[in-house]
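Colleague: Can you walk me through this model? I want to go over salt bridges.

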Amino acid sequence: MPMKIAHATDEFNAFLVKTGNELDLATRNQVYTTVQSVLVVFRRRLTATQILTFAQVLPPVLKAIFIDGWQPDEQTALFGERRDWIREVKSIRKHHNFSPDNAIEIVAHCIWSIAETEKFSAALHAIGPNAEAYWNVNANPS
């Protein structure tokens with residue numbers, strides 16, 4: 001069994017703790033909702049091929065969250081702008097969502113910290129400049 005599979009739960013739990021601390025959220029459920037929302041909002045803007053390209057560079061549990069509920073025939077949303085993305089992030093599970101305005105940047109920072117940087121960067125580059133902008137940890141919410 002590959003180590004990344006054998007240790008997937010432990011690595012995901014550590015990721016949730018780190019991300020929760022950076023988001024300053026009180027519960028695992030709040031952190032999970034924010035992470036899920038950031039991933040789903042990005043996924044909605046990708047083609048099926050792009051979704052699979054991106055999924056391949058995520059750790060196992062994040063990959064499962066990213067793909068969960070996806071239907072290959074879903075219509076692709078326009079990429080829009082950062083303010084559109086954060087509004088959409090906050091709208092997912094609205095009554096349970098405590099995502100801050102900088103949720104995308106924080107989640108991006110935390111994913112970059114555990115990702116294989118070269119592969120993650122190459123996947124974003126292959127998807128295009130909008131993907132690179134979405135996962136830019138230095139972006140300021142507008």
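Colleague: Is Lys18 buried or exposed, or partly exposed?

Modeller: Lys18 is partly exposed, with a relative accessible area of 31%. Buried means under 20% relative accessible area, exposed over 50%, and partly exposed in between, with a 1.4 Å probe and protein chains only. This is a predicted model, where local features need pLDDT of at least 70, side-chain atom pairs count only at pLDDT 80 or more, and totals for chains, interfaces and linings use all residues. Residues are numbered from 1 along each chain as its sequence is written, and side-chain values use heavy atoms, with hydrogens and water left out.

Colleague: Which residue forms a salt bridge with Lys18?

Modeller: Glu22, with the closest N and O atoms 3.1 Å apart. A salt bridge here is a side-chain nitrogen of Lys or Arg within 4 Å of a carboxyl oxygen of Asp or Glu. Glu22 is also partly exposed, at 31%.

Colleague: How many salt bridges by this rule?

Modeller: Eight. Among them is Arg45 with Glu88, at 2.5 Å between the closest N and O atoms.

Colleague: How many residues apart are Arg45 and Glu88?

Modeller: They are 43 residues apart, so the pair links distant parts of the chain. Arg45 is buried at 7%, and Glu88 is buried at 16%.

Colleague: What about Asp101, which side chain does it meet in a salt bridge?

Modeller: Lys90, at 2.4 Å, N to O. Asp101 and Lys90 are eleven residues apart in sequence. Asp101 is partly exposed at 47%, and Lys90 is partly exposed at 31%.

Colleague: Which residues are joined into one network?

Modeller: Arg44, Arg45 and Glu88, through salt bridges that share partners.

Key:
Helix = DSSP H or I, 4+ residues; strand = E, 2+ residues; numbered from the N terminus.
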